[in-house]
Amino acid sequence: MRIVTRALPAFRTRPAARRRVVLLAEDEALLAGLLGDLLAAEGFEVVLAADGLEALERAGRRHVDVLLTDLDMPRLGGRELIRRLRAGRPALPVVVMTGRLPSEDGDALIGGPGSPAEPFALLAKPFAPERLIEAVRRVLAGQACLAAVG
């Protein structure tokens with residue numbers, strides 16, 4: 001018996017699209033886990049950080065496509081985290097989620113009037129999961145959303 005082998009034709013495949021990386025800075029562990037699972041289910045790669053300092057460390061080790069942050073966190077809050085990350089990447093997309101809306105307007109939160117620091121979205125807790133996904137996608141598309149949505 002003679003066995004004949006043939007090489008299979010090479011199929012051209014598209015390279016897999018790079019998953020967008022979300023840096024999630026949230027000090028409430030349960031909420032961080034839920035949000036991380038939600039984002040992962042939508043196809044995002046999620047990097048969790050328990051506070052602003054941990055988020056800075058993680059952002060220094062790898063590229064992130066969008067920052068999703070709480071404002072009130074121990075060690076380093078969201079405002080300072082945004083300021084430090086945008087010092088090196090002024091156009092870093094940011095979604096802020098907070099239970100207490102800041103007294104300042106959106107311009108002050110992202111760096112002042114005329115700041116090139118956009119895109120930006122502000123979510124008031126509690127918010128519907130689809131609002132979070134919508135906000136992340138919008139800022140990744142370069143669309144600013146200064147209004148608080150919930």
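Biologist: Is Asp51 buried or exposed in this structure?

Modeller: This is a predicted model, and in it Asp51 is buried, with a relative accessible area of 7%. The cut-off for buried is under 20%.

Biologist: Which residue does Asp51 meet in a salt bridge?

Modeller: The partner is Arg75, and the two side chains come to 2.8 Å, N to O. Arg75 is exposed, at a relative accessible area of 58%. The pair links distant parts of the chain: Asp51 sits in the loop between β2 and α2, and Arg75 in the loop between β3 and α3, 24 residues apart.

Biologist: What does Asp51 do at the start of α2?

Modeller: A side-chain oxygen of Asp51 reaches to within 3.0 Å of the backbone nitrogen of Leu53 there.

Biologist: How should I read the sides of a helix such as α2?

Modeller: Start with the geometry. An α-helix has 3.6 residues a turn, so residues three or four places apart point the same way. In α2, the buried residues include Gly52, Ala55 and Ala59. They cover an arc of only 55 degrees around the axis, which puts them on the same side of α2.

Biologist: What do the buried residues of α2 pack against?

Modeller: They pack against β1, β2 and α3. The face of α2 turned away from this buried side carries Gly60 and Arg61, both exposed.

Biologist: Which residues touch the most other members of the largest nonpolar core?

Modeller: The general idea comes first. In soluble globular proteins, nonpolar side chains tend to be buried together. Here the largest nonpolar core has 20 residues, and those touching the most other members are Leu23, Ala55, Leu67, Leu81, Leu85, Val94 and Val96. At least two residues of this core come from each of β1 (21-25), β2 (45-49), α2 (52-61), α3 (78-88), β4 (94-98) and β5 (120-124). A second, separate core of 18 residues includes Leu35, Leu68, Leu123 and Leu140.

Biologist: What does Leu85 touch, leaving out residues up to four places away in sequence?

Modeller: Leu85 touches Leu23, Leu56, Ala59, Leu67 and Leu92.

Biologist: How many salt bridges does a search of the whole structure find?

Modeller: The search finds nine. In one of them, Lys125 pairs with Glu26, the closest N and O atoms being 3.1 Å apart. This pair also links distant parts of the chain, 99 residues apart: Lys125 is in the loop between β5 and α5 (129-140), and Glu26 in the loop between β1 and α1 (29-41). Glu26 counts as buried at 2% relative accessibility, whereas Lys125 is partly exposed at 21%. Glu26, Asp70 and Lys125 are linked in a network of salt bridges.

Biologist: Where do Glu45 and Arg62 lie?

Modeller: Their side chains meet in a salt bridge at 2.9 Å, N to O. Glu45 lies in strand β2 and Arg62 in the loop between α2 and β3 (66-70), so the pair ties together parts that are 17 residues apart in sequence. Glu45 is partly exposed, with a relative accessible area of 27%, and Arg62 is partly exposed as well, at 34%.

Biologist: Where is confidence lowest, and where is it highest?

Modeller: Read the average before the parts. The protein chain averages a pLDDT of 82, and 72% of the residues score at least 70. Confidence is lowest in helix α4 (residues 106-110), at a mean of 51, and highest in β1, at 98. Over residues 110-116 pLDDT stays under 50, and the model has nine contacts for them beyond four places in sequence.

Definitions and conventions. Residues numbered from 1 in each chain as written. Predicted model: local features only at pLDDT ≥ 70, side-chain atom pairs only at ≥ 80, totals over all residues. Heavy atoms only, no water. Core = buried A, V, L, I, M, F, W, Y, C linked by side-chain atoms within 4.5 Å. Buried < 20%, exposed > 50% of the residue type's maximum accessible area, 1.4 Å probe, protein only. Helix = DSSP H or I, 4+ residues; strand = E, 2+ residues; numbered from the N terminus. Contact = heavy atoms within 4.5 Å. Arc of directions from axis to C-beta. Polar contact = N/O pair within 3.5 Å; in protein donor to acceptor, adjacent residues only side chain to side chain. pLDDT = per-residue confidence, 0-100. Salt bridge = Lys/Arg side-chain N within 4 Å of Asp/Glu carboxyl O.
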